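Reader: I would like to learn how to read a few features of a structure. Please show me the model first.

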Amino acid sequence: MLQDYFLYKSTQFLPENKKIEVYKEIVKKYPKSEYIPDCLVAIFFDFGAKKEYYSAIKVAQIYELKFSGTPQESQILFWAGKYSQKVKRDEDAKQFFDKVIKTFPDSYYAYRASVAFQNTKSSWIFEKKGFKTHRCGTVRLVQIFINQIFFYFYFIVIIKRNILLYCSHNLLHFFVDFF
């Protein structure tokens with residue numbers, strides 16, 4: 001549709017508070033628009049910034065139902081879990097974090113969800129109910145870190161070896177020329 005396209009594009013020139021109003025209008029008037037996921041993300045974070053956590057969680061649940069598999073889903077689910085923690089809805093937080101960890105195991109937000117999960121005051125509730133906390137992202141990050149260390153170590157050894165070879169070669173020429 002052309003109307004939703006023009007409305008969505010017009011938000012580029014609007015201040016933040018006006019953008020959100022236009023996004024809400026797009027969501028209400030054009031429910032089949034291709035811009036709905038982006039509008040919902042902006043509305044979600046606007047509610048979070050205003051500390052309207054219950055509204056943000058509701059938007060996240062709508063997003064999860066209708067737009068599963070989109071690039072922003074892991075981010076939305078993670079922050080919905082954080083907002084759920086802020087309003088003391090630990091079961092909802094557990095579900096959001098669990099979905100992030102299981103659906104996007106190699107993502108940045110899966111790592112953050114597992115850490116947030118373990119740092120919760122009520123993490124014992126999760127373990128008691130059979131949910132095992134784990135750091136799925138940590139293993140991958142540690143492996144990347146180890147690979148980088150070995151790369152730099154190898155790089156330094158090669159440079160050092162080449163410098164020694166160069167110095168010894170020049171030193172050899174010095175002694176040959178000298179004697």
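Reader: Is the crossing of α4 and α5 left-handed or right-handed?

Author: The crossing of α4 and α5 is left-handed, meaning the near helix is turned anticlockwise from the far one by less than a right angle (clockwise would be right-handed). Helices here are DSSP runs of H or I with at least four residues, numbered from the N terminus. This is a predicted model, in which local features need pLDDT of at least 70 and side-chain atom pairs pLDDT 80 or more, while totals for chains, interfaces and linings use all residues. Residues are numbered from 1 along each chain, and side-chain values use heavy atoms, without hydrogens and water.

Reader: At what angle do α4 and α5 pack, and how far apart are their axes?

Author: Two packed helices are described by the angle between their axes and the distance between the axes. For α4 and α5 (residues 73-86), the angle is about 145 degrees and the axes lie 9 Å apart. Axes are lines fitted to C-alpha atoms over the stretch in contact, with angles from 0 to 180 degrees between N-to-C directions.

Reader: Which residues of α4 and α5 meet?

Author: Among them are Tyr 53, Ala 56 and Ile 57 in α4, and Ile 76, Leu 77 and Ala 80 in α5; contact means heavy atoms within 4.5 Å.

Reader: Is Ala 110 buried or exposed?

Author: Ala 110 is in helix α7 (residues 108-118). Its relative accessibility is 0%, so Ala 110 counts as buried (under 20% relative accessible area; exposed is over 50%, partly exposed in between; 1.4 Å probe, protein chains only).

Notes: Helices (H or I, at least four residues) and strands (E, at least two) are DSSP runs, numbered from the N terminus.
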